[in-house]
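Please consult the sequence and the model shown here while reading.

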Amino acid sequence: MEFTDNAVKAGSDAKGDLLVTLELIGAKREIEIESKVSKKFGQAIQDAVEELLDKYAITGAKVLVQDLGALDFAVRARTETAIKRALAKQEAAK
């Protein structure tokens, strides 16, 4: 997944954490999850990301989640931080 300069990041690439890269773009959602445990937890990560995008009424976004063993609360926190940063960046560009 490729991103432009408008993409934002939240998190880190440390063990037990995750890195969320998000860009507000287009009219549809593209979510990609990279995780060693995606067979077991991929759907839960996808659902958490979708839920937060819905909460902020975001319909068009590209999201890359690089999971390194993060727990659910971290997935949600990092995703929400990325969303808030993207919205702030979008607002500042106006």
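## Basis of the description

Two strands are said to pair if DSSP finds at least two bridges between them. The model described here is predicted.

Strand E2 covers residues 18-24 and is mostly covered, with 6 of its 7 residues buried.

On one side of the pairing scheme is strand E1, residues 8-11, which runs antiparallel to E2 and is joined to E2 by 4 bridges. Within this pairing, Gly11 has Leu19 of E2 as its bridge partner. Strand E2 also pairs with strand E4, residues 61-67, again in the antiparallel sense, over 7 bridges.

## The turn between E1 and E2

Strands E1 and E2 form a hairpin, and 6 residues lie between them. In this turn, Gly16 has a positive phi of about 85°.

## Asp17 in the loop

Asp17 is located in the loop between E1 and E2. Is Asp17 buried or exposed? Its relative accessibility is 9%, and because buried means under 20%, Asp17 counts as buried.

The side chain of Asp17 makes a polar contact with the side chain of Ser12, at 2.7 Å. Leaving aside residues up to four places away in sequence, Asp17 touches Gly11, Ser12, Gln66, Asp67, Leu68, Gly69, Ala70 and Arg78. Among these, Gly11 is the residue whose bridge partner in E2 is Leu19.

Note on methods:
Residues are numbered from 1 along each chain as its sequence is written. This is a predicted model: local features need pLDDT of at least 70, side-chain atom pairs count only at pLDDT 80 or more; totals for chains, interfaces and linings use all residues. Side-chain values use heavy atoms; hydrogens and water are left out. Buried means under 20% relative accessible area, exposed over 50%, partly exposed in between (1.4 Å probe, protein chains only). Helices (H or I, at least four residues) and strands (E, at least two) are DSSP runs, numbered from the N terminus. A polar contact is a pair of N or O atoms within 3.5 Å; within protein, one must be able to donate a hydrogen and the other to accept it, and residues adjacent in sequence count only if both atoms are side-chain atoms. Contact means heavy atoms within 4.5 Å.
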